Amino acid sequence: MTATTRSNMDQLLTEIEEIAGELNDGPILDGVETLREHRSSAKMQLLLVGTSGSGRSTLANSLLASFDLLPRSAVLKQPITLALSHGESPVVTLRYGDGRSMALSSGDLRQALLEPPDGVERIEILSPGDLLEICDLRIESLDASRENGEWRDILRASDYIVLVLNASALLSEKEKRFIRELLAPQLAGTRRGWERTAIVINKMDLVNEDEREEVLEYVRRFLGPFAGEPPLLALCAMHQSGVGSETNPAALAVRSLMADLMSRRVPLRGRAIREALEIMVRELERSAMTADAVAAAEEAEVRAAVEEIQAKQKWTQGRIARLQRSIDGFLQTVLRERLWRQAEQFADRLEVQLPDEVGSVEDLATVRRHLGGYVEAVWGAFLERRVEEARESIEQELERVTATIRDDLAELIGGAGPTLREALQSVAMEQDSPHVFMGPRRGKHRASNIARALSIHGLIMLYWSPLLGILSLAGGQVIQRAFKGEIGRANREALTASARAANRELEDEVKRRIGTQLSALSEHLQVAVAAAFEEAVGRITETLDERSGMGHDVVGRRRRLTEILQQRLPRVHAELSGLEAAE
Amino acid sequence: MTTLDEPIMTFQAYLEAGGDRGLGAEGGSPPYAHPMDGWILKTLDAMPVKHVLDTAIDTLISVQLGRFIAQSIPIDHKSFPQLYELVSECSERLGIAVPHALMGSFGGSFNAFTAGTDEYNFLFVTDGLLKHFPLPEAHFVVGHECGHIAAKHLIYHTLLEAMTDTALGILRPAARMLRLVAGTALLAWSRRSEITCDRAGLLCCGDLQVAERALVGLVAGFAGAKEVDIDQYLRRYREMSDYHGASAWQELFYTHPMIPKRIEGLRLFARSELYFELRREAAPAGVELLSRAELDQLTGELVRP
């Protein structure tokens, strides 16, 4: 970043802060603060984020070429922030939420990661190494219980983001939500956002070799709707231990990514800040327009609106109840019925298909061993697809409800509506494969029964009359061989019948899960709708009160807002575009 | 109404994709098996009696235990769902079909066992274990029992039970001799097979301390394992074994190795390359792991009476 660009950025940040201050926009003021802190560091800020067990520590060790800096553990570590920066020798410090700190020996790091003492907020590690001389590394866990706002701040303060996925448990609901609701909106809001991101698919060695391309394709397909094409790197956990890293393609890929990153660190850093500013400018435009609309209202109109809101308290409650009924009806009737019908159709189709499937495998022992797992697997895939579809349907429904609330509020006074997407974000829908026990059934064939009786007789007689015992056992075997075909067919039929019963059991289980989850989701969203509606009404009332408080200063206020909208924000916008062109 | 037109994966495609193989092996013993266990099983399986025994023992179980199984309470997603989750998880990891899991009262003890053949097998958990064992410990026990199914021990274990049945004391001398010789050999195999299954249990629960507590819990009974200092327990066992060395021969007639030996066996396994390879976990830094040969040698010495 050149000195001129840096000074321009400083000015832009100050201008945005002033505008946000005038508009009393708290979140933007917080954002400016975060960006200032971010800029105060001369180093590039690298974020490594993933679920516990995805191999972030192993990857970080690999990136830092220090193979035992961070402990790689069999036990899942606690989701705690790790901040690594450069130091002449390794130093580990625990930072507590109340400002205290405590130095640790590096040998105690493992224990601190497994069970951090109460109150510890983050662990800071100083370590020597080339990479840390030019960038700070932050490691975050998706399992940490953070508000979306906190995640946004973390993403905003990062120049480059590496999302680590575990190939053997790919794209869990938590990972999907992170990409869908935090990463993509943060990056897609800008033109070249995804250039600051890489996705590492770790532990690829846990996936069969012939399925690895499918794994990559699956991730690409998932990213498709977000128009994101970040570099995808497939790594093997075993290969990151340093052994053979000179020739190992995975280690070379990591090194090449890092080399590329380092060569582009200056423009990347500048772009990260500029993109964060662009998002803030758009937010400020919206905020200024709303404020202008309120200020434009005449004093009498404002008074009338306040009175109308007070008079419509009952009406508001009625609207909330109606929206709640609408959501409940959608989830517990429309969606549930649709999913149940689909489960029934699926069970019917599978039932028809099962005899052919059982017949397609010659070895009866293989059928017996794997049939239950097969039925579970196809139901698992069915459930996963339905959960994805259901989520989309629910999002559409929430958009509709949001629009209704906006219309209702517009009736009050053109107020800005809430967004309900966040309410859905906090709910995970279970899509783990259901399990089933395939009940044993015997093939009904007379020869089989006779052979069985002879075998048991032979086994008992071995003790008292070995000759008779051996004859009986041999007789049983002869009968079994003589009727092998018929007995085999009867056994196959019995297995098919078991699989059909398991199929129906899974249908019931899947329907039960759907019913329970939709019921819980309905309750959750009804509360969220009421809260959103009331919050929006509260916001309108607050704005109107503010407007009433302006008194004679309305003209001055409007002049300042017009200046913000027509001169100051367009100027900031133009300068940002100029910076982008200069990149 | 939405119609489903998406294709359903075929059984062949499922099998080609690896099925639910987990740590299981198509034929042969699983990779975590004690070598002697694998070798003896291979020998027994190669004998023509295997098929005969399969049918006979399947019938024997129906005759002897049919009513008991029928009236026991099934463990599934509706009854004891948490335990069922453990059974499902262990089955998946060890690469076996989810077994018929049952619970019931069984002589006031707390234990679990499996019986059956390759065709039909069941896993029984006693009420005592269900009530007194915390879930992580139960995970180890269930993993251990599923290990017997995965390693295909059941038919010979059931045979061993039949052969060592005291009710058979009225046999003719020749049959008694046969029973003594074959029974002792099978007992030697049985003790090694338990080592295999302890490893299966540890692979399932993934925590050595939990596995040790579960094993100690079998000795401590209702008093529970929490109060036991396991290192001290092992030290005392070694001292007492030296003092009462004259009774060591009795172990020849045990179906299971002594609990302290099983704990030592697990400790060896938990610091072996094999364990980390099978758990697909990176080994802790700075710890020297046992090679497969070292593990086999040390475990062999341990299991010997």
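Predicted model: local features only at pLDDT ≥ 70, side-chain atom pairs only at ≥ 80, totals over all residues.

Modeller: Start where B:Pro74 stands opposite B:Leu102 in E2(B). Residues are numbered from 1 along each chain as its sequence is written, while chains are lettered from A and ligands numbered from 1 in the order in which they are written.

Those facing residues belong to strands E1 (residues 73-74) and E2 (residues 100-104) of chain B, which pair in the antiparallel sense over two bridges. Strands pair if DSSP finds at least two bridges between them. Strands (E, at least two residues) and helices (H or I, at least four) are DSSP runs, numbered from the N terminus.

Now go to the next strand. E2(B) pairs with E4 (residues 121-126) of chain B, in the parallel sense and over five bridges. B:Met103 takes part here too: its bridge partner in E4(B) is B:Val125. In general, strands of a sheet pair through backbone hydrogen bonds, either parallel or antiparallel.

Step back to the whole sheet. It is open, has four strands in the order E1-E2-E4-E3 (chain B), and its pairing is mixed. E1 and E3 (112-116) of chain B are the edge strands, each pairing on one side only.

What lies across E3 and E4 of chain B? Helix H6 (residues 135-150) of chain B does, running at about 15° to E3(B). That angle is taken between N-to-C directions, from 0 to 180 degrees, with axes fitted to C-alpha atoms, for helices over the stretch in contact. Contact means C-beta atoms, placed from the backbone, within 7 Å.

Elsewhere in chain B is helix H2 (residues 35-46). Its twelve residues should span 16 Å at 1.5 Å a residue, and its end C-alpha atoms are 17 Å apart, which agrees. The expected span is 1.5 Å times one less than the number of residues. B:Asp37, B:Gly38, B:Ile40 and B:Leu41 of H2(B) are buried. Buried means 20 or more other C-beta atoms within 10 Å of the residue's own; exposed means 12 or fewer, partly exposed in between, with C-beta atoms placed from the backbone.

How does chain B meet its partner? In all, 39 residues of chain B are in contact with 47 residues of chain A. Helices H1 (11-16) and H3 (49-71) of chain B each supply at least two residues of that side of chain B. H3(B) gives the largest share, six residues. By type, this side holds 20 nonpolar, twelve polar and seven charged residues. Here Ala, Val, Leu, Ile, Met, Phe, Trp, Tyr, Cys and Pro are nonpolar, Asp, Glu, Lys and Arg charged, and the others, Gly among them, polar.

Finally, chain A. Its secondary structure comes to 18 helices and nine strands, and 36% of its 583 residues count as buried. One buried residue is A:Ile161, with 25 other C-beta atoms within 10 Å. A:Ile161 sits in strand E7 (residues 160-166) of chain A. Its C-alpha atom is 4.8 Å from that of A:Thr197, 36 residues apart along the chain.

Conventions:
Contact = placed C-beta atoms within 7 Å.
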